[in-house]
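Student: Could you walk me through one part of this protein up close? I'd like to look at the aromatic side chains and what surrounds them.

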Amino acid sequence: MALKAIHVADVPNFDHPAYIPETPTIFSPSVPSGYLEAEEKEGKQRSYKNGKFVVMGHRGSGMNILQSSDHKMKCFKENSVLSFNHAAQFNLDFIEFDVQVTRDDCPVIFHDIHILTQVEGVITEKKVTEITLEEFLSYGPQKEPGKVGKTMVRKAKDGSVLEWKVENDGPLCTFQEAFEKVDTSLGFNIELKLDDYKIYDEVELKRILQAVLKVIDEHADQGRPIIFSSFQPDAVQLMRKLQENHPVYFLTNGGCEIYGDPRRNSLEEAIKFCHEAGLQGIVSQVRAIFRHPTMVARIKESKLSLITYGQLNNVPEAVYMQHLMGIEGVIVDFVQEIKEAISDFNETEEDYSSVDGEEIVENRNRLPVKFSDRELSFLLKLIPELIQT
């Protein structure tokens, strides 16, 4: 893969040399699809491996950042059937999306905890979980011809409120509609979206998770790979207990932010929790991995799969680095650009194995398998920090 010239920005420092596995592997999370090669030995964790580096479309064809000057952040309405099917055009392996459950027990696809509208300058804000399905679907574009939905606005991290306008808008959708209307070639990475500021008891968590599982039981195509993930430790632990058909991953920002629950505050804690809960993998903020690259080997030694999320995953050089480090997949917004970059370096590596005899040995020896601190620091200076918030 030819690395393009890019602007050099500040990157995290490294305290230890990183080991780069000679044969990076990839989890494959669905038995029915035939992707999965699982080994489960008595007293040990399952590991999911395949020879493919996985690309997942973040909220479909990418998240919406309304204040961004980059049109790609406002091209397709995130978490919509329109965005999901657009992502399918680029031969993605998975899409990632957020599922919440309304007051009347219907799972819907929406990222933000609150949904907002504005009428004559007055902003109304409601929790998705505290409204009915009918009210939820009344926001934004409507499916019925001539029907006008409530104007949607969104609050940015700086507190500003912007009208939720994108180039290709689409109606809000239910979890069931995703199974009925989204291209069957796409696997689903289902983030169980829960409120960071709320304490859930097991009864409420069970109600939420069983509503999600009911839709899967009734509408899932057996050929579609499915994994579950969540930042809420108790939710993923309970989901693992409620079902065994689909892998469950723990989402963590690996210490990039600090929470009251210590299980959420480091990659070491994430490994420990995954083993205690019987989970199959970790989905980490990519910056946490770049700050602590030796954790990649630790995670793999623990028989856990590892994928990453974060805006650095929109940079081909950052994704290529992760491929070399043995990380198994990335969640990205710029699906077309990253998928093309992935194809480039996959083709390059296929070239190394397409010849016979001494030449194949010589070519494979050219592939980097270890980086010193100095080499790794140099490579990481090719990775720009994205400045969108």
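Tutor: Let's start with Tyr309, which is buried: its relative accessible area is 18%, and the cut-off for buried is under 20%. Bear in mind that this is a predicted model. Now, where does each ring of the Trp164 pair sit, buried or exposed? Phe110 has a relative accessible area of 4%, so it is buried. Trp164 comes out at 6% relative accessibility, so that one counts as buried too. Back to Tyr309: its ring pairs with that of Phe231, edge-to-face, with 5.9 Å from centre to centre and 85° between the planes. Tyr309 belongs to strand β16 (residues 305-309), while Phe231 is in the loop between β13 (226-230) and α5 (233-242), so this pair ties together parts 78 residues apart in sequence.

The count of aromatic pairs comes to 9. One of them is Phe110 with Trp164: the ring centres are 6.0 Å apart and the planes meet at 50°, so this pair is tilted. It also links distant parts of the chain, with Phe110 in the loop between β6 and β7 (114-119) and Trp164 in the loop between β10 and β11, 54 residues apart. Elsewhere, Lys72 lies over the face of Phe334, 4.6 Å from the ring centre.

Then there's a cluster: ring pairs join Phe84, Phe97, Phe175, Phe179 and Phe188. What do they pack against?

Four strands make an open, antiparallel sheet in the order β8-β7-β9-β10. β8 (122-127) and β10 (161-163) are the edge strands with a single partner each, so one side of each has no neighbour in the sheet. From one strand to the next, the twist averages 35°. Strand β9 (residues 152-155) is joined to β10 by 3 bridges, and Val153 has Glu163 in β10 as its bridge partner.

Finally, a word on confidence. The chain averages a pLDDT of 82, and 75% of the residues score at least 70. Over residues 351-370, though, the pLDDT is below 50.

Key:
Residues are numbered from 1 along each chain as its sequence is written. This is a predicted model: local features need pLDDT of at least 70, side-chain atom pairs count only at pLDDT 80 or more; totals for chains, interfaces and linings use all residues. Side-chain values use heavy atoms; hydrogens and water are left out. pLDDT is the predictor's confidence in each residue, from 0 to 100. Contact means heavy atoms within 4.5 Å. Two strands pair if DSSP finds at least two bridges between them. Helices (H or I, at least four residues) and strands (E, at least two) are DSSP runs, numbered from the N terminus. Axes are lines fitted to C-alpha atoms, for helices over the stretch in contact, and angles run from 0 to 180 degrees between N-to-C directions. Rings of Phe, Tyr and Trp (its six-membered ring) pair if their centres lie within 6.5 Å; planes under 30 degrees apart count as stacked, over 60 as edge-to-face and the rest as tilted. Buried means under 20% relative accessible area, exposed over 50%, partly exposed in between (1.4 Å probe, protein chains only). A charge sits over a ring if NZ of Lys or CZ of Arg is within 6 Å of the ring centre and within 35 degrees of the ring normal.
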